[in-house]
Protein chains: 2
Amino acid sequence: MNLLLLDPGEIDAMGLARLGGGRARHLRQVLKVEPGQDLRLGVVDGAAGTGRVLSTEEEHVVLRCSLEARTVPRPRVDVLLALPRPKVMRRLWAQLAALGAGQIILTNAERVERNYFDTHVLDPDCYRPLLIEGMQQARDTRVPLVSIHRRLKVLLEDDLDGLFGGGLRLLAHPSGENAPAPAERRGFGATLSAIAADQAGERALLAIGPEGGWTPFERQLFAAHRFHPIDMGRRTLRSDTACVALLALLHDAWPRVAAGYASHRAGNVR
Amino acid sequence: MNLLLLDPGEIDAMGLARLGGGRARHLRQVLKVEPGQDLRLGVVDGAAGTGRVLSTEEEHVVLRCSLEARTVPRPRVDVLLALPRPKVMRRLWAQLAALGAGQIILTNAERVERNYFDTHVLDPDCYRPLLIEGMQQARDTRVPLVSIHRRLKVLLEDDLDGLFGGGLRLLAHPSGENAPAPAERRGFGATLSAIAADQAGERALLAIGPEGGWTPFERQLFAAHRFHPIDMGRRTLRSDTACVALLALLHDAWPRVAAGYASHRAGNVR
């Protein structure tokens, strides 16, 4: 835990937070906090700041909290994911939150098994603590927005513009052996800049398919809704590995691509 | 499975391979291969090629194999990993092989629990099938070389030059909140180029720490053995997530960094 997340209601008017239960135990027994010590903390969907430990008595930890004025910005990358099998999804929640996702859009697809949707892994009581775990790991305070969609066509045709308006839409699809050899590839960032050109925007949305990939019909549907295919080269990865790998590449490249777009647009307006 | 891997001894002098057991069942029942169909295949640590299905009778599948003349090159990125807990390591084997690792060097460290080394996950009978699974996923034929080291100091001082001679050595270490904001970061590829400058080489080695990170003493030891620190920015990731994310970034950037080095060296020689 690199940042302790509190709910807004846990900090009183005097700036004091009195924690009990598992979090107090973790602070006392694992992190071995002592009175006088400062902890990095944050408020869920709010600002980050510092907590000075005032006392660690009676199985509680009391903190005096000082929050920064500015709310932490939401990560500018969103993920649209064909629902993986429950065991894999359970592992992904914290990883997605740690890598940074503004929203997580889960969808059905031809190659997703229908019964994956009946799992408790899609229950907020199950996934929210996992998201919080990932955010505490990565020092984020913004909980990814989660939505679950049982029909891909309805999602793309009716709901997506409301969830993700202007911005760059990317469809991860392995080109496999048709991809250029590593030495000839220009790299993810350059590929992204070329795709984005003058049409990007502030945010990026990355769609990742199920094991076995999107069907040709689904790929056409994505293309009709302004998704641009992107890949990682010749190696085809399992969808959960691809999810982590592509999110890392996108987070690395996106700030510069989006900045390039902003300056391009400023140039056009002048 | 995107490429079927065979052991060299499985192909006879006529170029025929007769498969039984689990692989034949997978080909018949999951991939539903039919006589006349061509499959992508490869020989372990050898060439890739094609297999024409000749028959699928009597619970066997017979293939006529045509291999390319050229052996698949070994991935040019190696990984040095503080041994994670067995459950995590079990998941990583196939992921590392799929992302591409020339060798996997596992080591002890101050923050690794000693009993992690007693697990069967470090037994070749356990990990080799997992590596093969990852290679079949990513269409690779080169099995990562695996070595296991119980003393980090001995590894760095006595063994590493033999395992990894010339080339760029990188030490993943999160800079956390001290990292520049995303908008100010120049990106992984540019950072790598600046580190590599004129001292790179053909291969890169990426060292990834345990949960809780390397100790200050260990970081000094790595620095004394020509490891350059590199990070992914402000977000601190769990070590298995960091492993996948950093390997993806390194594979994306390395071909161009190494090519830049090669042309720089050519210029110096001229």
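Predicted model: local features only at pLDDT ≥ 70, side-chain atom pairs only at ≥ 80, totals over all residues.
View 1. The contact draws on 39 residues from chain B and 39 residues from chain A. Putting the two together buries about 3,000 Å² between them, and carbon and sulfur atoms account for 50% of that area.

**View 2. Salt bridges and polar contacts across the interface of chain B and chain A.** The rule picks out 2 salt bridges here. For a pair of side chains that meet this way, look at A:Asp140 and B:Arg235, with N to O at 2.8 Å.

**View 3. The side of chain B that touches chain A, helix by helix.** Sorted by class, the side of chain B that touches chain A holds 16 nonpolar, 14 charged and 9 polar residues.

**View 4. The buried residues of helix H5 in chain A.** This helix spans residues 188-196, and its buried residues are A:Phe188, A:Thr191, A:Leu192, A:Ile195 and A:Ala196. Why do they sit on the same side of H5(A)? Because they cover an arc of only 130 degrees around the axis. The general rule behind such patterns is handy: an α-helix has 3.6 residues a turn, so residues three or four places apart point the same way. Just past the end of H5(A), A:Ala197 adopts a positive phi of about 40 degrees.

Methods
Residues numbered from 1 in each chain as written. Chains lettered and ligands numbered in written order. Heavy atoms only, no water. Buried < 20%, exposed > 50% of the residue type's maximum accessible area, 1.4 Å probe, protein only. Helix = DSSP H or I, 4+ residues; strand = E, 2+ residues; numbered from the N terminus. Arc of directions from axis to C-beta. Contact = heavy atoms within 4.5 Å. Buried area = accessible area lost by both parts, 1.4 Å probe. Salt bridge = Lys/Arg side-chain N within 4 Å of Asp/Glu carboxyl O. Polar contact = N/O pair within 3.5 Å; in protein donor to acceptor, adjacent residues only side chain to side chain. Nonpolar A, V, L, I, M, F, W, Y, C, P; charged D, E, K, R; others polar.
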